[in-house]
Amino acid sequence: MLDAEFFRRWMTATAASVDREAERLTALDSPIGDADHGSNLQRGFTGVVTTLEKEAPDTPGAVLTLAGRRLISTVGGASGPLYGTLLRRTGKALGDAAEVTEEQFADALREGVDAVMALGGAAPGDKTMIDALVPAVDALAESFAAAKTAAEEGAVATTPLQARKGRASYLGERSIGHQDPGATSSSLLIGALVEARDE
Ligand code: ADP
Ligand code: MG
(Lines give C-alpha, C1' and ligand atoms only; values in the text may rest on other atoms or scores of the structure.)
(Ligands and ions follow the chains in the order given, each with its own letter.)
Protein backbone atom coordinates (compact mmCIF):
# COMPACT_ATOMS: atom_id res chain seq x y z
CA MET A 1 0.00 0.00 0.00
CA LEU A 2 1.10 3.57 -0.70
CA ASP A 3 0.55 6.16 2.05
CA ALA A 4 0.98 9.94 2.30
CA GLU A 5 4.61 9.45 3.33
CA PHE A 6 5.31 7.57 0.09
CA PHE A 7 3.88 10.42 -2.00
CA ARG A 8 5.84 12.98 0.00
CA ARG A 9 9.00 10.95 -0.72
CA TRP A 10 8.02 10.90 -4.42
CA MET A 11 7.93 14.70 -4.51
CA THR A 12 11.19 15.00 -2.55
CA ALA A 13 12.95 12.52 -4.86
CA THR A 14 11.61 14.40 -7.90
CA ALA A 15 12.92 17.71 -6.52
CA ALA A 16 16.36 16.16 -5.94
CA SER A 17 16.41 14.64 -9.42
CA VAL A 18 15.34 17.92 -11.04
CA ASP A 19 18.10 19.70 -9.08
CA ARG A 20 20.70 17.22 -10.35
CA GLU A 21 19.47 17.48 -13.96
CA ALA A 22 18.47 21.17 -14.09
CA GLU A 23 21.34 22.20 -16.34
CA ARG A 24 20.58 19.38 -18.75
CA LEU A 25 16.87 20.25 -18.86
CA THR A 26 17.69 23.86 -19.60
CA ALA A 27 20.24 22.83 -22.24
CA LEU A 28 17.55 20.69 -23.95
CA ASP A 29 15.20 23.71 -23.82
CA SER A 30 17.81 25.91 -25.57
CA PRO A 31 17.66 24.78 -29.22
CA ILE A 32 13.87 24.23 -29.28
CA GLY A 33 12.67 26.56 -26.51
CA ASP A 34 13.69 29.46 -24.31
CA ALA A 35 16.23 27.76 -22.01
CA ASP A 36 14.17 27.92 -18.82
CA HIS A 37 12.82 24.40 -18.29
CA GLY A 38 15.42 23.39 -15.67
CA SER A 39 15.06 26.57 -13.65
CA ASN A 40 11.25 26.50 -13.98
CA LEU A 41 11.02 23.02 -12.50
CA GLN A 42 13.73 23.61 -9.92
CA ARG A 43 11.77 26.55 -8.56
CA GLY A 44 8.52 24.58 -8.75
CA PHE A 45 9.58 21.38 -7.02
CA THR A 46 11.63 23.23 -4.38
CA GLY A 47 8.41 25.09 -3.59
CA VAL A 48 6.47 21.82 -3.49
CA VAL A 49 8.85 20.29 -0.94
CA THR A 50 8.72 23.42 1.25
CA THR A 51 4.91 23.51 1.14
CA LEU A 52 4.59 19.80 1.94
CA GLU A 53 6.90 20.19 4.95
CA LYS A 54 4.94 23.17 6.23
CA GLU A 55 1.41 21.89 5.71
CA ALA A 56 2.04 18.15 6.23
CA PRO A 57 -1.03 16.83 4.37
CA ASP A 58 -1.91 13.37 5.68
CA THR A 59 -3.47 11.52 2.73
CA PRO A 60 -2.04 10.62 -0.70
CA GLY A 61 -4.73 12.68 -2.41
CA ALA A 62 -4.02 15.74 -0.27
CA VAL A 63 -0.25 15.49 -0.88
CA LEU A 64 -0.67 15.47 -4.65
CA THR A 65 -3.39 18.14 -4.86
CA LEU A 66 -1.30 20.48 -2.69
CA ALA A 67 1.81 19.76 -4.78
CA GLY A 68 -0.13 20.46 -7.98
CA ARG A 69 -1.51 23.74 -6.65
CA ARG A 70 1.96 24.84 -5.66
CA LEU A 71 3.39 24.05 -9.12
CA ILE A 72 0.64 26.06 -10.80
CA SER A 73 1.25 29.08 -8.55
CA THR A 74 5.08 28.89 -8.71
CA VAL A 75 6.03 27.95 -12.27
CA GLY A 76 5.56 30.43 -15.04
CA GLY A 77 5.70 28.79 -18.45
CA ALA A 78 3.72 26.00 -20.02
CA SER A 79 5.08 23.22 -17.83
CA GLY A 80 3.76 24.66 -14.51
CA PRO A 81 0.03 24.43 -15.27
CA LEU A 82 0.58 21.11 -17.09
CA TYR A 83 2.50 19.37 -14.29
CA GLY A 84 0.25 21.08 -11.75
CA THR A 85 -2.81 19.67 -13.48
CA LEU A 86 -1.20 16.23 -13.64
CA LEU A 87 -0.63 16.09 -9.88
CA ARG A 88 -3.83 17.86 -8.87
CA ARG A 89 -6.05 15.62 -10.97
CA THR A 90 -4.20 12.49 -9.88
CA GLY A 91 -4.63 13.58 -6.25
CA LYS A 92 -8.31 14.30 -6.76
CA ALA A 93 -8.80 10.83 -8.26
CA LEU A 94 -7.21 9.27 -5.15
CA GLY A 95 -9.90 10.83 -2.95
CA ASP A 96 -9.36 10.96 0.82
CA ALA A 97 -8.14 7.39 1.47
CA ALA A 98 -5.25 7.09 3.96
CA GLU A 99 -3.57 4.48 1.75
CA VAL A 100 -4.00 3.45 -1.88
CA THR A 101 -3.01 0.38 -3.87
CA GLU A 102 -0.57 0.58 -6.76
CA GLU A 103 -3.46 -0.26 -9.06
CA GLN A 104 -5.50 2.67 -7.70
CA PHE A 105 -2.50 4.93 -8.18
CA ALA A 106 -2.03 3.73 -11.78
CA ASP A 107 -5.72 4.46 -12.53
CA ALA A 108 -5.47 7.90 -10.88
CA LEU A 109 -2.31 8.81 -12.77
CA ARG A 110 -4.04 7.89 -16.01
CA GLU A 111 -6.79 10.38 -15.15
CA GLY A 112 -4.08 12.94 -14.49
CA VAL A 113 -2.40 12.32 -17.85
CA ASP A 114 -5.78 12.53 -19.59
CA ALA A 115 -6.33 15.92 -17.92
CA VAL A 116 -2.94 17.14 -19.21
CA MET A 117 -3.93 16.10 -22.74
CA ALA A 118 -7.28 17.89 -22.37
CA LEU A 119 -5.63 21.07 -21.07
CA GLY A 120 -2.71 21.24 -23.51
CA GLY A 121 -4.31 19.56 -26.51
CA ALA A 122 -1.27 17.34 -27.11
CA ALA A 123 -1.53 13.71 -28.22
CA PRO A 124 1.19 11.05 -28.32
CA GLY A 125 3.68 11.87 -31.09
CA ASP A 126 3.43 15.66 -30.71
CA LYS A 127 6.88 15.79 -29.02
CA THR A 128 5.78 16.79 -25.50
CA MET A 129 5.77 15.40 -21.98
CA ILE A 130 2.84 13.24 -23.11
CA ASP A 131 5.29 11.07 -25.06
CA ALA A 132 6.90 9.98 -21.78
CA LEU A 133 3.79 10.03 -19.57
CA VAL A 134 1.48 7.86 -21.69
CA PRO A 135 3.92 4.90 -22.03
CA ALA A 136 4.76 5.26 -18.33
CA VAL A 137 1.11 4.98 -17.30
CA ASP A 138 0.68 2.01 -19.62
CA ALA A 139 3.64 0.25 -17.95
CA LEU A 140 2.67 1.17 -14.40
CA ALA A 141 0.37 -1.87 -14.12
CA GLU A 142 3.52 -3.98 -14.42
CA SER A 143 5.87 -2.15 -12.02
CA PHE A 144 7.38 1.21 -11.12
CA ALA A 145 10.65 0.08 -12.71
CA ALA A 146 8.87 -0.75 -15.97
CA ALA A 147 7.19 2.67 -15.91
CA LYS A 148 10.57 4.36 -15.42
CA THR A 149 12.08 2.52 -18.40
CA ALA A 150 9.02 3.28 -20.56
CA ALA A 151 9.21 6.99 -19.71
CA GLU A 152 12.94 7.15 -20.48
CA GLU A 153 12.43 5.39 -23.79
CA GLY A 154 9.51 7.68 -24.56
CA ALA A 155 11.65 10.74 -23.92
CA VAL A 156 14.47 9.49 -26.17
CA ALA A 157 11.93 8.67 -28.88
CA THR A 158 10.89 12.34 -29.10
CA THR A 159 14.20 13.24 -30.79
CA PRO A 160 13.21 12.48 -34.41
CA LEU A 161 9.71 13.96 -33.99
CA GLN A 162 8.54 17.36 -35.17
CA ALA A 163 6.94 19.38 -32.35
CA ARG A 164 3.25 20.11 -32.82
CA LYS A 165 2.52 21.74 -29.44
CA GLY A 166 4.20 24.35 -27.27
CA ARG A 167 7.02 26.71 -28.02
CA ALA A 168 9.06 24.13 -29.96
CA SER A 169 6.25 23.87 -32.55
CA TYR A 170 7.08 27.43 -33.72
CA LEU A 171 10.29 25.96 -35.17
CA GLY A 172 8.46 23.55 -37.47
CA GLU A 173 10.87 21.07 -39.04
CA ARG A 174 13.79 22.64 -37.20
CA SER A 175 12.48 21.04 -34.00
CA ILE A 176 13.46 17.63 -35.43
CA GLY A 177 16.63 16.09 -33.99
CA HIS A 178 16.32 17.43 -30.43
CA GLN A 179 15.01 15.56 -27.39
CA ASP A 180 12.01 17.25 -25.80
CA PRO A 181 12.81 18.84 -22.41
CA GLY A 182 9.36 18.18 -20.94
CA ALA A 183 9.40 14.50 -21.91
CA THR A 184 12.81 14.33 -20.27
CA SER A 185 11.60 15.90 -17.00
CA SER A 186 8.60 13.56 -17.06
CA SER A 187 11.01 10.63 -17.11
CA LEU A 188 12.63 12.10 -13.97
CA LEU A 189 9.22 12.40 -12.28
CA ILE A 190 8.36 8.79 -13.08
CA GLY A 191 11.86 7.56 -12.23
CA ALA A 192 11.52 9.16 -8.78
CA LEU A 193 8.73 6.65 -8.02
CA VAL A 194 11.37 3.91 -7.90
CA GLU A 195 13.49 5.94 -5.46
CA ALA A 196 10.47 6.73 -3.26
CA ARG A 197 9.69 3.01 -3.07
CA ASP A 198 13.25 1.99 -2.19
CA GLU A 199 13.77 4.53 0.61
P1 ADP B 1 7.78 27.14 -21.82
O2 ADP B 1 7.65 26.39 -23.11
O3 ADP B 1 6.59 28.02 -21.55
O4 ADP B 1 9.09 27.86 -21.69
P5 ADP B 1 8.87 25.01 -20.19
O6 ADP B 1 10.14 25.28 -20.87
O7 ADP B 1 8.92 24.95 -18.69
O8 ADP B 1 7.73 26.03 -20.64
O9 ADP B 1 8.29 23.60 -20.67
C10 ADP B 1 8.41 23.17 -22.01
C11 ADP B 1 7.85 21.76 -22.12
O12 ADP B 1 6.44 21.78 -21.86
C13 ADP B 1 7.99 21.15 -23.50
O14 ADP B 1 9.23 20.53 -23.65
C15 ADP B 1 6.83 20.18 -23.58
O16 ADP B 1 7.19 18.89 -23.15
C17 ADP B 1 5.83 20.74 -22.60
N18 ADP B 1 4.67 21.31 -23.28
C19 ADP B 1 4.55 22.52 -23.89
N20 ADP B 1 3.32 22.69 -24.41
C21 ADP B 1 2.64 21.54 -24.14
C22 ADP B 1 1.30 21.07 -24.40
N23 ADP B 1 0.42 21.84 -25.05
N24 ADP B 1 0.95 19.84 -23.95
C25 ADP B 1 1.84 19.06 -23.29
N26 ADP B 1 3.11 19.45 -23.00
C27 ADP B 1 3.50 20.66 -23.43
MG1 MG C 1 10.94 26.91 -21.80
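Biologist: What is the helix and strand content of residues 5-195, and how far apart are the end C-alpha atoms?

Modeller: In this predicted model, the span is 69% helix and 1% strand, and its end C-alpha atoms lie 13 Å apart. UniProt lists residues 5-195 as "domain: DhaL", in an unreviewed entry.

Biologist: How many aromatic pairs are there?

Modeller: The count is 6 aromatic pairs. One of them joins F6 and F144, with 5.9 Å centre to centre and 25° between the planes.

Biologist: Why is the pair of F6 and F144 called stacked?

Modeller: Ring centres must lie within 6.5 Å to pair, and planes under 30 degrees apart count as stacked. The values for F6 and F144 are 5.9 Å and 25°, so the pair is stacked.

Biologist: Which parts does the pair of F6 and F144 tie together?

Modeller: F6 lies in helix α1 (residues 4-28) and F144 in helix α7 (residues 144-156), so the pair links parts 138 residues apart in sequence.

Biologist: Why do F6 and F144 count as buried?

Modeller: Buried means under 20% relative accessible area. F6 has 3% relative accessibility, so F6 is buried; F144 has 5%, so F144 is buried too.

Biologist: What makes the pair of F7 and W10 edge-to-face?

Modeller: The cut-off for edge-to-face is planes over 60 degrees apart, with centres within 6.5 Å. F7 and W10 have 65° between the planes and 6.3 Å centre to centre, so the pair is edge-to-face. Both residues lie in helix α1, 3 residues apart, about one turn of the helix. F7 and W10 are both buried.

Biologist: Which residues form one aromatic cluster?

Modeller: The cluster consists of F6, F7, W10, F105 and F144.

How values were computed
Residues are numbered from 1 along each chain as its sequence is written. Chains are lettered from A and ligands numbered from 1 in the order in which they are written. This is a predicted model: local features need pLDDT of at least 70, side-chain atom pairs count only at pLDDT 80 or more; totals for chains, interfaces and linings use all residues. Side-chain values use heavy atoms; hydrogens and water are left out. UniProt positions are given in the numbering used here, feature names are shortened, and annotations may be inferred rather than shown by experiment. Helices (H or I, at least four residues) and strands (E, at least two) are DSSP runs, numbered from the N terminus. Buried means under 20% relative accessible area, exposed over 50%, partly exposed in between (1.4 Å probe, protein chains only).
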